[in-house]
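Trainee: I would like to learn how to read the features of a protein model. Could you walk me through one?

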Amino acid sequence: MKLSHGRATRRGAALLVAASMALLLAALLSPAAQARVEKFETLAPSPAPLTAVAADPTTGLIYAQENNGEAFFVYNPRTNVWSERAPSPLNSGNNGGATYLGGKLYLSYTQNEEIAVYDIATDTWTKIPSPLEGTGDITSGNGVLYLAHEREFVQYDPATGIVTELGEAPVFDTEHCGEEGFEPWGGLQFDGAQIYGHQGDGCPGFGVYGFAANSWTELALAPEVEPVGGGEVEGPVLGSALYPTTNTYLTYGTYEGETLYRYDIEAGTWSTTPLSFGPETEIDDGGMAYISIPGLEGVYIVEGEDGERFGRYTEQNVTGLSPSISANVVGNPSGAQITYSIQVKNSGPERAGEVVLSDSLSGASLFFSGASQGTCNGTTCNLGVLRSGQSADVTIKANAAPGTATSVAKVTSQAINTATDSASVTSSVAAPVKVTPPPPLQCVVSKKLRGLRVKGAKKALRAAHCKPGKVTHRNSPKVKKGRVVSVAKAGKSLPAGTKINLTVSKGPKPKKAAHRKH
């Protein structure tokens, strides 16, 4: 917490561990939140008030440093147990931020010109110079660190020590906050393509950095809320996280308040939700981190510098995922080829994250699968995100033997489905029709070829599937010269292509001249 605010720090009066405490009902939420199911549950309290919270995405373990101290702790969500690790070489002072990069945690403090580096595998620490005056606004991505303080925004490669100045941060709100740009008690989050950040220290500014343009764009201001016990109307404080399955940016506040701020990245709107760790909740600068362990997924949040309470926030979008399926059967000699056309539609009202379609085939064997978006591996297709009203098409082709073939398409997502989530189609594949082959072609030699000219006789032979053979000539008193006298094998049926010889008339024999007697 920024000391100039003059707020006294104090520890929460009671430490409460309550399993599965419902955070809200639909009737208590804003209209934008009524399409979600949210829950907050308190977990094992931390050994000390914490700051600089970060998660190891490879193990799901959460790390944090003692506020205004050197002690360092790890939390295992699988066992709900905190453990102490080697202490930091730097005192966290008045809070800090942390991020994970390449097996190490980088802790940046609001009142220190150095960054503490924790090697997770060896439980050891080193220190590196900070590229900016003390700030808790730090995130990582693309193999480097990103830090912000007031209007300065830099890229820092800890492997080389190279610092690159990037586009200036927005001015943000100066009516309620003295300085332009980011306060040291804010937050940055990299979503894989852009960096989102909130101004912090109770200020409402919020923006997004685009790498292509190397510039920040101011987005909608975070709501300003009055603390539950009354006091100054303010915005979020130190700490933020991205909730990837619902594509939201989360932060919290106000000082000594109990509000979760939720920015819907796709809708571009803010909403707020009460965030209670129990009696006398007093959020202060602290931190939060997202982990994706199945069954334990959520954003883990510390109460902040004035308390040791700790909890997990989860949210799921309410969607209607309805698959439809049809089949086109084309027969072939072995059975049939079946093309299944499947459409998955999200009827809303919220986005559906990481939509997966799994198709099971019975009586058919797959040979092709593809989708209009995402990727397919066999009969399982990861379709990615489907926004409200959006649909994706999947094509599955299979060979089927005679009988019955069935395709059952089931769709799942990291959301709550309120509509049909499976569809099936059954197709009948008829046995191949046995076709009696036609009898083999025959060379049928006609007796009527006699008397035809040679050319006509050859043409007639070819028409009768015969092949004209050798042509011989002999005298014939009855058949005109040049016409067929006889045909070999006349009147017989022979295999197609049999050579048939022709005998052609040379005309009658010439008469011998009479010899006179002398």
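Mentor: Gladly! Let us begin with a term: a residue is called buried when its relative accessible area is under 20%, exposed when it is over 50%, and partly exposed in between. Keep in mind that this is a predicted model.

Trainee: Then how should I class R351, as buried or exposed?

Mentor: R351 has a relative accessible area of 8%, so R351 is buried. Its side chain has a partner, too: R351 and E266 meet in a salt bridge, with N to O at 2.6 Å.

Trainee: What is the general idea behind such a pair?

Mentor: Side chains of opposite charge can pair when their charged atoms come close. In this model there are eight salt bridges. The one between R351 and E266 links distant parts of the chain, 85 residues apart. R351 sits in the loop between β26 and β27, and E266 in the loop between β20 and β21.

Trainee: Which other residue forms a salt bridge with E266?

Mentor: That is R387, whose closest approach to E266, N to O, is 3.5 Å. R387 lies in the loop between β30 (380-386) and β31 (391-400) while E266 is in the loop between β20 and β21, so this pair ties together parts that are 121 residues apart in sequence. As for cover, E266 is partly exposed because its relative accessibility is 31%. R387 is partly exposed as well, at 44%.

Trainee: Let us turn to cysteines. How many disulfides does a search of the whole structure find?

Mentor: The search finds two. To read one, check the distance between the sulfur atoms, then the angle about the S-S bond. In the disulfide that joins C376 to C381, S to S is 2.0 Å. The angle about that S-S bond is 105°, and the link is right-handed.

Trainee: Are C376 and C381 buried or partly exposed?

Mentor: Treat each cysteine separately. C376 has a relative accessible area of 26%, so C376 is partly exposed. C381 is buried because its value is 0%.

Trainee: How far apart are the sulfur atoms of C443 and C466?

Mentor: They are 1.8 Å apart, and C443 and C466 form a disulfide. This pair links distant parts of the chain, 23 residues apart: C443 is in strand β35 (residues 442-444), and C466 is in the loop between α1 (454-463) and β36 (467-474). The link of C443 and C466 is right-handed, with 110° about the S-S bond. Both cysteines, C443 and C466, are buried.

Trainee: What should I look for in the backbone?

Mentor: Start with the general rule: most residues other than glycine have a negative phi, and most peptide bonds are trans. Now the cases that depart from it. A cis peptide bond joins G253 and T254, with omega about -15°. T254 is in the loop between β19 (248-253) and β20 (259-264). The bond from G348 to P349 is cis too, with omega near 10°. P349 is found in the loop between β26 (335-346) and β27 (352-362).

Trainee: Where are A52 and N142 placed, and what is the phi of each?

Mentor: A52 has a positive phi of about 50° although it is not a glycine. A52 belongs to strand β2 (residues 50-55). N142 has a positive phi near 60° and is likewise a residue other than glycine. N142 is in the loop between β10 (138-141) and β11.

Trainee: And which of those is buried, and which exposed?

Mentor: A52 is buried because its relative accessible area is 1%. N142 is at 54% relative accessibility, so N142 counts as exposed.

Terms used. Residues numbered from 1 in each chain as written. Predicted model: local features only at pLDDT ≥ 70, side-chain atom pairs only at ≥ 80, totals over all residues. Heavy atoms only, no water. Disulfide = S-S within 2.5 Å. Buried < 20%, exposed > 50% of the residue type's maximum accessible area, 1.4 Å probe, protein only. Helix = DSSP H or I, 4+ residues; strand = E, 2+ residues; numbered from the N terminus. Salt bridge = Lys/Arg side-chain N within 4 Å of Asp/Glu carboxyl O.
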